[in-house]
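Student: Walk me through this one, please. I'd like to hear where each label comes from.

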Amino acid sequence: QTLQAQAKQLQKRNLDIIEMVGTIVEFRSLESGEHIQRVKGYTQILAKAFAKLYPEYGLTKEQIDVIVAASALHDIGKIAIPDSILLKPGKLTDDEFDYMKSHTLRGCEILESMKKNWDEDYQKASYEICRSHHERYDGRGYPDGLKEDEIPVSAQLVSVADVYDALINERCYKAAFSKEEAFYMIINGECGVFSPKLMEAFRAVRRQFEEFSEKTVE
């Protein structure tokens with residue numbers, strides 16, 4: 001019983017650390033106070049559907065919970081990006097975009113420095129998501145140019161959730177798209193190519209995404 005209580009306490013500590021660090025990123029980027037919570041919600045909906053459709057990936061409920069929690073840290077590296085780039089209205093120059101892309105690796109450096117404080121499963125998922133949520137199925141993403149299932153499933157799931165939320169909400173550099181536009185932009189590969197299996201799961205949860213977004217309107 002005591003061991004179980006300790007494990008529960010440790011898990012709560014891990015979740016608290018993740019929430020706290022994720023919130024710092026939100027304050028820093030000014031993007032949206034609710035972005036992280038929404039990405040968590042979309043990730044959970046998509047991961048459940050994906051696990052059901054593709055049992056061969058062996059995604060358990062526990063693993064999904066870890067991925068959902070860790071998704072809060074996907075953009076932690078943005079705290080190392082200067083305001084002039086992070087908050088620039090309009091298009092970034094090539095040099096600025098290269099600098100912006102470094103948030104994936106800078107985030108991993110931050111996570112490395114936190115290593116001693118938290119559970120291995122959360123640490124691994126956070127690192128995968130932080131580093132690889134901008135990788136794309138055809139190898140045209142960054143920072144490592146991974147392709148297909150070289151990209152961790154955790155990062156693939158968060159990637160779709162992150163893109164969808166960014167599309168349907170206003171940002172300092174763009175207006176919001178409608179939910180229908182966002183759906184077809186993702187399906188048609190306008191935001192980079194995603195795994196066909198992931199797109200099957202995304203089609204299956206389209207309505208759930210839309211309903212969830214309506215509950216969490218800014």
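Tutor: Let's start with two terms. Contact means heavy atoms within 4.5 Å. Helices (H or I, at least four residues) and strands (E, at least two) are DSSP runs, numbered from the N terminus. Bear in mind that this is a predicted model, where local features need pLDDT of at least 70 and side-chain atom pairs count only at pLDDT 80 or more, while totals for chains, interfaces and linings use all residues. Residues are numbered from 1 along each chain as its sequence is written, and side-chain values use heavy atoms, with hydrogens and water left out.

Student: How many helices and strands are in the protein chain?

Tutor: The count is 11 helices and 0 strands. Along the sequence that reads α-α-α-α-α-α-α-α-α-α-α. Among contacts in the chain with a separation of 6 or more, 65% join residues 24 or more positions apart.

Student: What makes H9 roughly antiparallel to H10?

Tutor: The angle does. The axes of H9 (residues 179–187) and H10 (residues 196–204) come within 11 Å and cross at roughly 160°. Axes are lines fitted to C-alpha atoms, for helices over the stretch in contact, and angles run from 0 to 180 degrees between N-to-C directions. Under 35 degrees counts as roughly parallel, over 145 as roughly antiparallel, 65 to 115 as roughly perpendicular and the rest as oblique. So H9 is roughly antiparallel to H10. The contact is made by Phe-183, Ile-186 and Ile-187 of H9 with Met-199, Phe-202 and Arg-203 of H10.

Student: How do those contact residues of H9 and H10 divide by class?

Tutor: They come out as 5 nonpolar, no polar and 1 charged. Ala, Val, Leu, Ile, Met, Phe, Trp, Tyr, Cys and Pro count as nonpolar, Asp, Glu, Lys and Arg as charged, and the others, Gly among them, as polar.

Student: What makes H3 oblique to H7?

Tutor: H3 (residues 61–70) and H7 pack at an angle of about 55°, with axes 9 Å apart. That angle therefore makes H3 oblique to H7. In this contact Val-66, Ile-67, Ala-69 and Ala-70 of H3 meet Asp-121, Tyr-122, Ala-125, Ser-126 and Ile-129 of H7. By class, that is 7 nonpolar, 1 polar and 1 charged.

Student: Why is Asp-165 called buried?

Tutor: Buried means under 20% relative accessible area, exposed over 50%, and partly exposed in between (1.4 Å probe, protein chains only). Asp-165 has a relative accessible area of 0%, so it is buried. Asp-165 sits in H8 (residues 153–168). Leaving aside neighbours within four places in sequence, Asp-165 is in contact with His-35, Arg-38, Val-39, Tyr-42 and Arg-171. Across the chain, buried residues make up 50% of the 218 residues.

Student: Which residues of H9 are buried, and what covers them?

Tutor: Ala-182, Phe-183, Met-185, Ile-186 and Ile-187 are buried in H9. Their cover includes H8, H10 and H11 (206–215).

Student: Which residues touch the most other members in the largest nonpolar core?

Tutor: A nonpolar core is a set of buried Ala, Val, Leu, Ile, Met, Phe, Trp, Tyr and Cys residues joined through side-chain atoms within 4.5 Å. The largest one has 53 residues, and Leu-46, Leu-157, Ile-186 and Phe-202 touch the most other members. Apart from that core lies another, of 5 residues, among them Ile-81, Leu-86, Leu-92 and Met-100.

Student: What kind of peptide bond joins Tyr-142 and Pro-143?

Tutor: A cis one, with omega about 10°. Most peptide bonds are trans, and most residues other than glycine have a negative phi. Pro-143 lies in the loop between H7 (120–132) and H8.

Student: What is the phi of Glu-148?

Tutor: Near 45°, a positive value in a residue other than glycine. Glu-148 is in the loop between H7 and H8, and at 42% relative accessible area Glu-148 is partly exposed. Gly-189, which follows H9, has a positive phi near 75°.
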